[in-house]
Amino acid sequence: SLASGRGAWGGQPPHRPHDRLGCPLHIRLAGPAPERQSQRSASIAGLIEATKAVDHSVNLMESIALGIAVGMDAVQPVQNRVGFAALRERLQAAMPRDKMREALGAGMPIVYGYMYREVNDADLAAYVKFNRSPLGMRYNEAVMKAFTEALTRASLGMGPLIQKGLQKKAA
């Protein structure tokens, strides 16, 4: 309970330090079985693979960056506008997909380990199994499509807001 200081989730308080895979350090230092750490790492890797987390993250980053660039381009005087195709080309040159996949993929186990640190091994394994099922795959695709579209729309609105902020500072 919240009154006990254990949090609504009933797990460890959030102030306790965790290792890079999300295992509470007081447990790791006490000597959890290496096979448990290996099983946990495999579950985290399976979840990343099943949810296509790296690809979705790359798509999100590209969409947000392009949305902001397009929004900012739209508020430029007509003669100074670059246009969608040129902006996309510049973005792809500045943020190559393979390099983004590599960078995001390297950090994903740490991020997912932290995000799922309070989920027990059995529940995590069941969640990985769900995400590998046809229903889980459809669910993830639908959620990520909606999330990407929403962030892209929000990013498009950033350009005019940034331009407005810059105009206020100049005045």
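Partly exposed denotes a relative accessible area between the buried limit of under 20% and the exposed limit of over 50%. The legends below apply these classes to a predicted model.

**View 1. Salt bridge between Lys52 and Glu141.** With a relative accessible area of 41%, Lys52 falls between the two limits and is therefore partly exposed. The closest N and O atoms of the Glu141–Lys52 salt bridge are 3.5 Å apart. Lys52 belongs to the loop between α2 and α3, whereas Glu141 is part of helix α7 (residues 134-170), so the bridge ties together parts separated by 89 residues in sequence.

**View 2. Salt bridge between Glu49 and Arg132.** The two side chains meet with an N to O distance of 3.7 Å. Glu49 is located in helix α2 and Arg132 in helix α6; the pair thus links distant parts of the chain, 83 residues apart. Glu49 counts as exposed because its relative accessibility is 52%. Arg132 has a relative accessibility of 46% and therefore counts as partly exposed.

**View 3. Salt bridge between Glu62 and Arg97.** Here the N to O distance between the side chains is 2.5 Å. Helix α3 contributes Glu62 and helix α5 contributes Arg97, the pair linking distant parts of the chain that are 35 residues apart. Glu62 is buried, since its relative accessibility is 13%. Arg97, by contrast, has a relative accessible area of 35% and is partly exposed. A search of the whole structure finds five salt bridges, among them the pairs Glu62–Arg97, Glu49–Arg132 and Glu141–Lys52.

**View 4. The largest nonpolar core.** This core has 10 residues: Ile44, Leu47, Ile48, Ala53, Val54, Met108, Tyr112, Tyr116, Leu124 and Val128. Two or more residues come from each of the elements α2 (34-50), α3 (53-74), α5 (97-115) and α6 (121-132). The greatest contribution is that of α2, with three residues. In soluble globular proteins, nonpolar side chains tend to be buried together.

View 5. Leaving aside residues up to four places away in sequence, Ile44 touches Pro109, Tyr112, Gly113, Tyr116 and Leu124.

Technical notes: Residues numbered from 1 in each chain as written. Predicted model: local features only at pLDDT ≥ 70, side-chain atom pairs only at ≥ 80, totals over all residues. Heavy atoms only, no water. Core = buried A, V, L, I, M, F, W, Y, C linked by side-chain atoms within 4.5 Å. Buried < 20%, exposed > 50% of the residue type's maximum accessible area, 1.4 Å probe, protein only. Helix = DSSP H or I, 4+ residues; strand = E, 2+ residues; numbered from the N terminus. Contact = heavy atoms within 4.5 Å. Salt bridge = Lys/Arg side-chain N within 4 Å of Asp/Glu carboxyl O.
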